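Subject: Structure for you to look at

Dear colleague,

I am passing on the structure we talked about, together with some notes on what was found in it. Please open it beside this message and look up each residue as you read.

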Amino acid sequence: MFVDFEGEPDRYLEERRLKGSPLRDLASMLHSFRDAAMTEAERRSGTVAMASEERATIEALALAWYRWGAATFLAGYLDTAGDAAYLPASREEWATLLDAMMLEKTIYALGYALNHAPNQLGRPLRNVLQLLWG
């Protein structure tokens, strides 16, 4: 189920209505996929006492699911969009722009957590580090 199509709640409505790159929406979807995977990994590893190796395995599986889902989603998007004029001409430009928008979305989520849920900074911090250093 998809929810939250109105945009970022901390931004003014006028700002959310501005037309922008569709890659921003792709970055938002990819962020949501990652967040869903990591939320479930945290839920599963936090319910019982378990070894750190098992916790690491759960996180690795969640990241693998995210990467597979993200790659499948992006491949479907590119198959549909083709050589649309609104996409960068080269794959390198496309990947760089999408990476930048993913980082922007992840940093926004970190700021949102700092302002609204400072006791839940672990996942946003890990997401930023994973984007920066793989």
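The notes below go from the whole protein to single pairs of residues.

This is a predicted model, in which local features need pLDDT of at least 70 and side-chain atom pairs count only at pLDDT 80 or more, while totals for chains, interfaces and linings use all residues. Residues are numbered from 1 along each chain as its sequence is written, and side-chain values use heavy atoms, with hydrogens and water left out.

The protein has five helices and zero strands, where helices (H or I, at least four residues) and strands (E, at least two) are DSSP runs numbered from the N terminus. Along the principal axes, its C-alpha atoms fill a box of roughly 50 × 35 × 30 Å. Of its 134 residues, 31% count as buried, a word that here means under 20% relative accessible area, with exposed meaning over 50% and partly exposed in between (1.4 Å probe, protein chains only).

The structure also holds six salt bridges, each being a side-chain nitrogen of Lys or Arg within 4 Å of a carboxyl oxygen of Asp or Glu. In one of them, E104 pairs with R24, and the closest N and O atoms are 2.2 Å apart. This pair links distant parts of the chain, since E104 is in helix α4 and R24 in helix α2 (residues 22-46), 80 residues apart. E104 counts as partly exposed at 36% relative accessibility, and R24 is partly exposed as well, at 38%.

A salt bridge also joins E42 and R123 (3.1 Å, N to O). Here, too, distant parts of the chain are linked, with E42 in helix α2 and R123 in helix α5, 81 residues apart. Both residues belong to a network of salt bridges that links D35, E42, R123 and R126.

The salt bridge between E40 and R44 (2.8 Å, N to O) lies within helix α2, where the two residues are four apart, about one turn of the helix.

Finally, which residues form a nonpolar patch on the surface? They are L129, L132 and W133, with about 370 Å² of accessible area together; such areas come from the Shrake-Rupley method with a 1.4 Å probe, and for residues only the protein chains shown count as cover. Patches are made of residues with over 30% relative accessible area and no salt bridge, like charges being joined within 9 Å and nonpolar side chains (Val, Leu, Ile, Met, Phe, Trp, Tyr) within 5 Å. W133 lies in helix α5 (residues 122-133) and is exposed, with a relative accessible area of 66%.

Best wishes
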